[in-house]
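Try each task before you read its solution.

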Amino acid sequence: MTTYADSVSRPARTLTENEQRLLLKVTGQRRDGFRDHVIYSVALGAGLREHEILALNVGDVFDDAGHAKRRLRLRVFKRASDDPAPQEVMLPDLVRAKLEKLIAARRRDGEVLTGESPIFVSRLGTRLSARQLRHAFGVWQKRCGFERHFCFHSMRHSSCSNIYRATKDIRLTQRFARHKSILSTAIYTHPSDEELLRSVQSLIC
């Protein structure tokens, strides 16, 4: 039987706040990085998983007037049962504005977008693959000069950890993470690397 102690024994691997800000800054400063900048904003702002982000279509994100929705009803998500309840996430206004800018740029470039068109595409105009997303994430980490290498799922962990650190509310974090069991959410209650560093810096040594 899984116990609470078992579930919280290992902290989630997360980017520091400085690493998150640097990743967004570096990708946001370059035209060729804006697609990835928006992906990282969605990951950090909504806590979406890799496959959930890649599955997003224009019709999932935008209403009939062309505005990014505040509430997204996911078609593709992690399923804990054969008949899961619908899952919905909320997008921060800043993320919505970036999504609108991304789609507007694609339309200016002459793309004809329908409700079934993918939000995130490769240079060839096809839906971005998991392999391409992971490769780009590795490239941007090198450009940012990260000392550690992260897998893309660390972005979701970072997002959920940000929510818990800001609120100290595990129930709210559970809802944000869309966890069926609060035991799954308990990994985000661990102190962050930054909190540990601040404590270490204050030691008499």
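**Exercise 1. Find the residue in strand 2 that stands opposite R71.**

Solution. Next, look at the pairing itself: strand 1 and strand 2 (residues 87-90) run antiparallel and are joined by 4 bridges. Strands are DSSP E runs of at least two residues and helices H or I runs of at least four, numbered from the N terminus; two strands pair if DSSP finds at least two bridges between them. Finally, sort the side chains of strand 1: L72 and L74 lie on its covered face, R71 and R73 on the uncovered one.

This is a predicted model, with residues numbered from 1 along each chain as its sequence is written. Local features need pLDDT of at least 70 and side-chain atom pairs pLDDT 80 or more, while totals for chains, interfaces and linings use all residues, and side-chain values use heavy atoms, without hydrogens and water.

**Exercise 2. Describe how helix 2 and helix 7 pack.**

Solution. Start with the geometry: the axes (lines fitted to C-alpha atoms over the stretch in contact, with angles from 0 to 180 degrees between N-to-C directions) are 10 Å apart, at an angle of about 100 degrees. Helix 2 is therefore roughly perpendicular to helix 7 (65 to 115 degrees). Then list the partners in contact (heavy atoms within 4.5 Å): L22, L23, V26 and T27 of helix 2 meet F137, W140 and C144 of helix 7.

Conventions:
Buried means under 20% relative accessible area, exposed over 50%, partly exposed in between (1.4 Å probe, protein chains only). Angles under 35 degrees count as roughly parallel, over 145 as roughly antiparallel, 65 to 115 as roughly perpendicular and the rest as oblique.
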